[in-house]
Amino acid sequence: MTIIFNYTYRLYPENSQVELLNEWLETCRISYNYALRELKDWISSRKCPIDRCSLEFEYIMSADYPFPGYQQQQNNLPAAKKKFPFLASVPSQVLQTNIRRLHDAWDFFRSRGYGFPRFKKYGQMKSILFPQFRSNPLTDWQIKLPKLGRVQINLHRPIPEGFVIKQVRVIKKAKGWFAIISIQSDISVPNPVPSGHFIGVDVGLLSYCATSDGWREPGRKFFKTEHRRLKVLQHRLSKKKKRSANYSKARLKVEKQHNHIAFKRKDYQFKLAHKLCDMADSIFVEDIDWSIMAKGFLGKHTIDAGFGQFRQILKYVGWKRGKFIGEVDHKGSSQTCPNCRAEVRKDLSVRLHSCPECLYEIDRDIASAQELCNRAIETYRGTPEKQEIDERPRVGVRRKGTRSSWLSSRTVGELRSR
Ligand SMILES: [Zn+2]
């Protein structure tokens, strides 16, 4: 088994290097569009009826003309370089991976049925990939990239021992240049199994997350706090004449602000994920499809909170720290009493869960998290991983001093007899 990590670092290229990188991005964009044109022409030619010419699609390619696949388009590159010398200024592997990218998009379209690759407008190509390194390109504060030379890099996080650098993607953002370094190692690490202290985590807007232990993180609105400035910047942008120098300056400022919000959100989510991993050995979250939630009436806020991204980050952080992160069925988890498992229907506005059957009262989000934890215990019963849970005398979560202590007097055996 191999492990691949992608570490992101900030790059500080010199002015001449920035110029060169921008030139390469533009060249990549042109070759991408050229290759896409070839692909589209071939597809159009195949739409024509076999016995007559259509008015829309001219049958300009012979029937046995091969499909312009990745191999063919890549093999055409050397000839194209002779015809268009500006192509030769870009490292050849960068151009190849650029074509590869188009065909990845095409394959995606073929498998899913949507997302046909589009032509890229000026400035829309944002990244280039250096796919191969013979030796370690990094020194303490520089990275050596082909044809570009040494670029200053902020190695705020050292490359771990035993890892080799596989590829580097250089990305242009409004905030600056970044390098995503893919590192790989052959060491095998066992996947964490569900064991130890279990918690359920319920994420939401009012409290960003609530755990079954009764811990709550207040809701965050990353977008809203920064929204005022974004609004001002967007208003300024709207007053500028299109395609003017001032327009592009104002546009860059808006983009920077968006970058800022995204970075802030991600940083917060990583810290929160670590906090959760400190609290438990196995963490269970809902299996909600957040993209559907984002279409709902609180869509803007759901997108702003970035729950889907948070789940991804939690999984990664959990894996790195040897904690098991699982997903459990979310349906009706907020409408069920975690103590007696009766259905207690309530609107979103009702913030307190109070069960008429067993008089269990607790914050709604925490109740939902406790129900998720119940389900996690049930789901992982009978699997090999479950053995470890059975060995424990009691269910991990115990609440002290509350009126009815959730699950505290109940053993796994009792749960099983249900
Ligand atoms: Zn109840």
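1. G332 has 11 C-beta neighbours inside 10 Å, so it counts as exposed. You'll find G332 in the loop between β11 (324–328) and β12 (352–354). Its C-alpha atom is 8.9 Å from that of S368, a residue 36 positions away along the chain. Bear in mind throughout that this is a predicted model.

2. Now the overall picture. The chain has 12 helices and 13 strands. Of its 418 residues, 25% count as buried. If you take the contacts in the chain with a separation of 6 or more, 64% of them come from residues 24 or more positions apart.

3. Have a look at helix α10, which covers residues 364–379. The helix has 16 residues, and its first and last C-alpha atoms are 22 Å apart, close to the 22 Å expected at 1.5 Å a residue.

4. R364 has 21 C-beta neighbours inside 10 Å, so it counts as buried. Which residues does R364 touch, leaving aside its neighbours within four places in sequence? The contacts are S334, V350, R351, L352 and H353.

5. Next, helix α4 (residues 92–112). With 21 residues at 1.5 Å a residue, α4 should span 30 Å, and the 30 Å between its end C-alpha atoms agrees with that. The buried residues in α4 include V94, L95, T97, N98, I99 and L102. What do the buried residues of α4 pack against? Their partners are α1, α2 (70–75), α3 (77–83) and β2 (127–130). Just after the helix, G113 takes a positive phi of about 90°.

6. Helix α1 (residues 15–45) packs on α4 at an angle of about 45°, and the two axes are 10 Å apart. That angle makes α1 and α4 oblique to each other, and their crossing is right-handed. On the α1 side, the residues in the contact are W24, C28, S31, Y32, A35, L36 and L39; on the α4 side, they are V94, L95, N98, I99, L102 and W106. By class, that contact divides into 11 nonpolar residues, two polar and no charged. V94, L95, N98, I99 and L102 are also listed among the buried residues of α4.

7. There's another helix pair to check: α6 (residues 245–279) and α9 (residues 307–320). Their packing angle is about 50°, with axes 9 Å apart, and α6 and α9 are therefore oblique to each other. The crossing of this pair is right-handed. From α6, the residues involved are Q269, F270, A273, H274, L276 and C277, and they meet Q309, F310, I313, L314, V317 and G318 in α9. This contact has eight nonpolar, four polar and no charged residues.

8. Some backbone angles to inspect. Most residues other than glycine have a negative phi. R243 has a positive phi of about 65° although it is not a glycine. R243 is in the loop between α5 (222–239) and α6. Is R243 buried or exposed? With 7 C-beta neighbours inside 10 Å, R243 counts as exposed.

9. L359 goes on that list too: its phi is positive, at about 60°, and it is not a glycine. The residue sits in the loop between β12 and β13 (361–363). L359 is exposed, with 11 other C-beta atoms within 10 Å.

10. Last one: I303, in helix α8 (residues 299–305). I303 has 16 C-beta neighbours inside 10 Å, which means that it counts as partly exposed. How far apart in space are I303 and M293? Their C-alpha atoms are 8.7 Å apart, and the two residues are 10 apart in sequence.

Notes: Residues are numbered from 1 along each chain as its sequence is written. This is a predicted model: local features need pLDDT of at least 70, side-chain atom pairs count only at pLDDT 80 or more; totals for chains, interfaces and linings use all residues. Helices (H or I, at least four residues) and strands (E, at least two) are DSSP runs, numbered from the N terminus. The expected span of a helix is 1.5 Å times one less than its number of residues. Axes are lines fitted to C-alpha atoms, for helices over the stretch in contact, and angles run from 0 to 180 degrees between N-to-C directions. Angles under 35 degrees count as roughly parallel, over 145 as roughly antiparallel, 65 to 115 as roughly perpendicular and the rest as oblique. A crossing is left-handed if the near helix is turned anticlockwise from the far one by less than a right angle, and right-handed if clockwise. Two residues are in contact if their C-beta atoms, placed from the backbone, lie within 7 Å. Ala, Val, Leu, Ile, Met, Phe, Trp, Tyr, Cys and Pro count as nonpolar, Asp, Glu, Lys and Arg as charged, and the others, Gly among them, as polar. A residue is buried if 20 or more other C-beta atoms lie within 10 Å of its own, exposed if 12 or fewer, and partly exposed in between; C-beta atoms are placed from the backbone.
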